[in-house]
Amino acid sequence: MATVKHIIHGVFGDEVPMLEACKKLRSSGIRVKDVYSPMPIHGIDGIIGVPRTRIAITAFIYGLTGCGLATLMMWYMMISDWPNDIGGKPNWAYYFNIPAFIPITFESTVFCAAHGMALTYLLRCWLIPGTKAKNPDPRTTDDKFLVLLEVGDAQAAKAQDIFREAGAEEVNHKGSYEVQPKYVIEESH
Amino acid sequence: MHAESEIRIPLILGNKSYRNITDDIIAPIEGKAKRGWYTLIIICAICWLWGIGALAYTIGVGIGAWGSSNNVDWAWDITNFVWWIGIGHAGTLISAVLLLFRQKWRMAINRSAEAMTIFAVLCAAIFVLLHTGRPWLDYMLFPLPNQFGSLWPNFNSPLLWDVFAVSTYATVSIVFWHIGLIPDFAMIRDRVIKPWQKKFYGLLSFGWGGSARHWSRFEEVSLVLAGLSTPLVFSVHSIVSFDFATSVVPGWHTTIFPPYFVSGAVFSGFAMVLTLMLVVRKIYGLEHYVTIKHIEYMNIVIIVTGSIVGVAYLTELFVAWYSGVEWEQYAFLNRATGPLAWSYWIMMGCNVFSPQLFWVKKWRTSITFTFVISIVINIGMWFERFVIIVPTLCRTFLPSTWGTYTPSFIDVGIFVGTIGMFGTFFLLFSRYFPVIAQAELKTILKSSGEAQKKEAAHHH
């Protein structure tokens, strides 16, 4: 049997009552789908249950990759493929020349870490030129804070009350959709 | 929410709301440009045209068109390169180092300082790419497989380190800048009405929506990029100084160069930020965001870095004497008393003496005085690079190679051209891009806004 989900927007003019509403929603067991705001709000992650991002770890991995690639490149070009004797300082082994290789190893580490992380960020958030704006209401980039809920019949009424109590400027029911159950247990014959 | 001490001077003046910030930042984009803007951009574009002509002439006939000679083989080209790259450093310092130190006053100036960085690095790139003599072969600077063996670039050379450092710096700065711009472009996209503007800012905003998950990643990415850019900015100017310091030229072969160059870069960069911001805040009426307090903070950075630069100049002199190396001693004697001594004393006056005037509170909080001194420092820092390069090369080891130096019309043209290009880009930026990081600024409105602070004090 299909269940109905209601899309509800709670629009606030300030972050303090909005956070209050989110806290109440969570304590009544209502899941906050997302919050759209004009600026980052500190402390919201814990309240609405956004897990800590792991994007910094990817930067570390990209950095290590860059470091490795630069080492490999310089070893190949300077030591293995065409060793030169520059100013009486021959390139016989990588470790002899390490001091001279440090700057480029560092630059390459930073290059890969920064660009790799930035690309991962853009792809993970799907920030691609030409894609449609992801905020459901254009005022959220200006001065409005929007709490987005997608909840069932029972929770919808309760959520709207919580929004009004906390001081929402608008509570909009933006429509509903049906969710078909993923698995149907058929009766045995 | 973060509370701030009452005695701290507010960073956003006036009775501002989130909406007011949006309105103030979008005003230049929605409104018509003032006549001053048109006048300035026409002047800059004409200078740029002269530069393009001089550039084309140089590519056509070779760098013999410059004043450089056999002994003075680096002159205005590298002077201008180091000057521009140094100017760029303040942008990264403001957006990255001050972010790590959680200095909130950076938010009013970081966007335009970063824009300045990117345009300055573009100007710097013109000189390094051109000074190779055959700029169409500049791809050889990169380790690309080729038909000469393959013959690889020399990874032991600071000149090659510079290629990697400057290209990393330029690209990372652009990425850092654009990631910060995305939410602000989204704000503009959601506000403008004209179809071409909606399309233009829609493309630039990458579909940003400002969801909590995206903000959380945004903040982490900004922090890590700041952490990466901080050592990067120090490495870039250190490596620029290695171009000189690893040579055996007396007057260049000194270990003080990296810290001396980095502090000089920050010094000149802050001066340029001041020059630009004082104009921008006037043209666009941003007095409530770029306040006297902001100007004072920047002037304090100028006192600190200017003093470091002054100490470095004196240390150089002392070490030259103390080393007992005659060539080293003569290099400095020649700078201070030789045929180009006037440039040395301009440098000393502008960089060592003038920033010390900011110890007087009345002067460092005066807009006119700050503007004048900022230009004096810009000039002084250009002369610093000139003094390091030209008088030194005029008189090296062999007196029979000694000579003088005069820049050619083409030298002047390319330099003025880069100033024109920089100005044109900056004016376009200030007209079509959000000049203040408004999303970031909104995060400190509650704690550092004038009206909000007063109200909080009232409640206690």
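1. Two strands are taken as paired if DSSP finds at least two bridges between them, the strands themselves (E, at least two residues) and the helices (H or I, at least four residues) being DSSP runs numbered from the N terminus. In this predicted model, local features need pLDDT of at least 70 and side-chain atom pairs count only at pLDDT 80 or more, while totals for chains, interfaces and linings use all residues. Residues are numbered from 1 along each chain as its sequence is written, with chains lettered from A and ligands numbered from 1 in the order in which they are written.

2. In chain A, strand β1 (residues 3-12) runs antiparallel to strand β6 (residues 170-179), to which 8 bridges join it, and β1(A) is also joined by 7 bridges to β5(A), again in an antiparallel arrangement.

3. The contact between the chains draws 53 residues from chain B and 56 residues from chain A, where two residues are in contact if their C-beta atoms, placed from the backbone, lie within 7 Å. On the side of chain B that touches chain A, the elements giving two or more residues are α1 (18-30), α5 (158-191), α7 (212-245) and α15 (438-443) of chain B, and α7(B) gives the most, with 16 residues. The residues of this side divide into 27 nonpolar, 16 polar and 10 charged; here Ala, Val, Leu, Ile, Met, Phe, Trp, Tyr, Cys and Pro count as nonpolar, Asp, Glu, Lys and Arg as charged, and the others, Gly among them, as polar.

4. Helix α7(B) has 34 residues and reaches 49 Å from its first C-alpha to its last, close to the 50 Å expected at 1.5 Å a residue, the expected span being 1.5 Å times one less than the number of residues.

5. A:W126, in the loop between α4 (94-124) and β5 (145-151) of chain A, has a positive phi of about 50° although it is not a glycine, and it counts as exposed, with 12 C-beta neighbours inside 10 Å.

6. B:R102, which is likewise not a glycine, has a positive phi of about 55° and lies in the loop between α3 (76-100) and α4 (110-131) of chain B. With 7 other C-beta atoms within 10 Å, B:R102 is exposed.

Terms used:
Buried ≥ 20, exposed ≤ 12 C-beta atoms within 10 Å, placed from the backbone.
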